[in-house]
Amino acid sequence: MPTVNAYAASSATSPLGPITIQRRELGPRDVLIEIKFCGICHSDIHTVRGEWGGTTYPIAPGHEIAGIVTQVGAGVKKHAVGDRVGVGCMVDSCGDCTSCRKGEEQHCLKGMVGTYGAVGRDGQLTQGGYSTHIVVTEDFVLKIPEGIALDAAAPLLCAGITTYSPLRRWGAGPGKKVAIVGLGGLGHMGVKFARAMGAEVTVLSQSLSKKEDGLRLGAHHYYATKDPETFQKLAGSFDLIVNTVSAKIDVDAYLSLLALDGALVNVGAPAEPLAVNVFSLIMPRRVFTGSLIGGIPQTQEMLDFCAKHHIGAEIEVIPASKINDAYERVLSSDVRYRFVIDAATLK
């Protein structure tokens with residue numbers, strides 16, 4: 001089994017550090033990817049620190065992967081050596097259930113295989129993109145179109161599809177008023193997508209400290225949620241609100257901002273349960289729902305959409321030696337708007 005360099009955590013309390021991990025031998029439908037860049041997602045931090053439970057160590061996280069195909073199995077038809085490709089949050093699924101047949105592999109009824117911290121079909125723990133190479137079955141490898149730089153493309157494989165999917169599902173477009181809660185790694189992508197889809201876009205953030213950025217990224221309006229007048233002024237305004245923050249919010253207050261048949265979609269994943277008064281849903285016929293990522297077809301659609309509209313993530317590229325510092329900066333919201341690891345620094 002090939003051995004590659006990686007950065008991993010050995011426990012929930014230890015910093016990440018250099019390690020070597022094993023990748024499986026190339027199978028007939030496998031693709032070997034030389035990783036060029038990998039984004040840092042808040043999910044990486046939750047997993048590494050055991051905050052979601054069930055983490056097996058050592059763990060090399062990373063599911064925002066962009067790189068180049070360096071070898072393909074004998075049966076591979078979708079990719080060739082030299083292709084620019086990406087890998088997102090999953091690397092396999094059963095392929096047979098109703099969800100998989102619909103191209104919704106993220107909802108595989110037998111459980112999709114996560115890019116890291118999951119058990120693959122070979123029985124081995126999956127290890128993620130904080131590494132120099134990865135082997136993935138061809139069906140879970142995405143094509144990154146020309147026109148998107150690989151470093152700016154990496155976060156699209158999680159932050160991008162996580163916001164693109166609910167915007168598509170709930171019909172963001174011309175004539176629709178869309179609010180994005182939070183202007184972080186997810187939120188800044190939501191603003192770009194909603195604007196490119198033709199919606200009227202509003203950012204709802206705790207303060208106005210990022211207003212200039214929000215407007216530059218495509219928002220038409222920007223309001224501070226710390227100001228109680230915001231909720232009074234915007235009551236009943238929006239067709240769709242996408243909440244990207246991973247902290248507890250007053251769900252009923254945000255539901256009050258929706259118009260009739262409007263939807264509040266949670267993509268942020270706070271550790272605490274969120275309470276909701278059912279009358280906030282019943283009386284004005286509103287929807288409170290959640291969204292994961294998208295399936296492989298929709299993720300490819302998203303990448304093609306980004307190429308067409310010249311969309312990429314706002315990034316800060318760092319060497320592997322700065323990963324632990326980056327984690328602390330993510331937790332203190334000191335990034336605009338996604339850290340991306342230069343995999344060349346792992347060698």
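Residues are numbered from 1 along each chain as its sequence is written, and side-chain values use heavy atoms, without hydrogens or water. In this predicted model, local features need pLDDT of at least 70 and side-chain atom pairs count only at pLDDT 80 or more, whereas totals for chains, interfaces and linings use all residues.

The chain holds 11 helices and 17 strands. These elements are DSSP runs numbered from the N terminus (helices, H or I, at least four residues; strands, E, at least two). The C-alpha trace spans about 60 × 40 × 35 Å along its principal axes. The radius of gyration is 20 Å, which agrees with the value near 20 Å for a compact globule of 347 residues. That radius is taken over C-alpha atoms, and the globule rule is 2.2 Å times the number of residues to the power 0.38. Of the 347 residues, 55% count as buried. Buried means under 20% relative accessible area, exposed over 50%, and partly exposed in between (1.4 Å probe, protein chains only). Among contacts between residues at least 6 apart in sequence, 67% join residues at least 24 apart; a contact means heavy atoms within 4.5 Å.

Helix α4 (residues 159–169) is largely enclosed by the rest of the structure, because 9 of its 11 residues are buried. Among them are Ile-161, Tyr-164 and Leu-167. Just after α4, Gly-171 takes a positive phi of about 75 degrees.

One cavity of 30 Å³ or more is found in the whole structure. On a 1 Å grid over the protein atoms alone, a cavity is a set of points where a 1.4 Å probe fits but cannot get out; a pocket is an open set with protein on both sides within 12 Å along at least five of seven lines; lining residues have an atom within 4 Å of a point. Grid points are joined across faces, edges and corners, and a volume is the space filled by probe spheres set on the points. The largest cavity has a volume of about 70 Å³. Its lining includes Cys-89, Met-90, Phe-140, Ile-161 and Thr-299. The lining has 8 nonpolar, 3 polar and no charged residues. Here Ala, Val, Leu, Ile, Met, Phe, Trp, Tyr, Cys and Pro count as nonpolar, Asp, Glu, Lys and Arg as charged, and the others, Gly among them, as polar.

The second largest pocket contains about 750 Å³ of space. Of its 37 lining residues, Arg-24, Val-91, Asp-92, Val-135 and Thr-137 lie nearest its centre. The lining divides into 14 nonpolar, 11 polar and 12 charged residues. Strand β8 supplies the largest share, 4 residues. Asp-92 lies in strand β6 and is buried, at 15% relative accessible area. Its contacts, not counting residues up to four places away in sequence, are Met-112, Val-113, Arg-121, Thr-137 and Phe-140.

Two cis peptide bonds can be described. One joins Tyr-57 and Pro-58, with omega about 0 degrees. Another joins Arg-336 and Tyr-337, with omega about 5 degrees. Pro-58 is in the loop between α1 (42–48) and β4 (65–72); Tyr-337 is in the loop between α11 (323–331) and β17.

Asp-261, in strand β14, has a phi of about 65 degrees and is partly exposed at 44%. His-310 has a phi near 60 degrees and counts as exposed at 71%.
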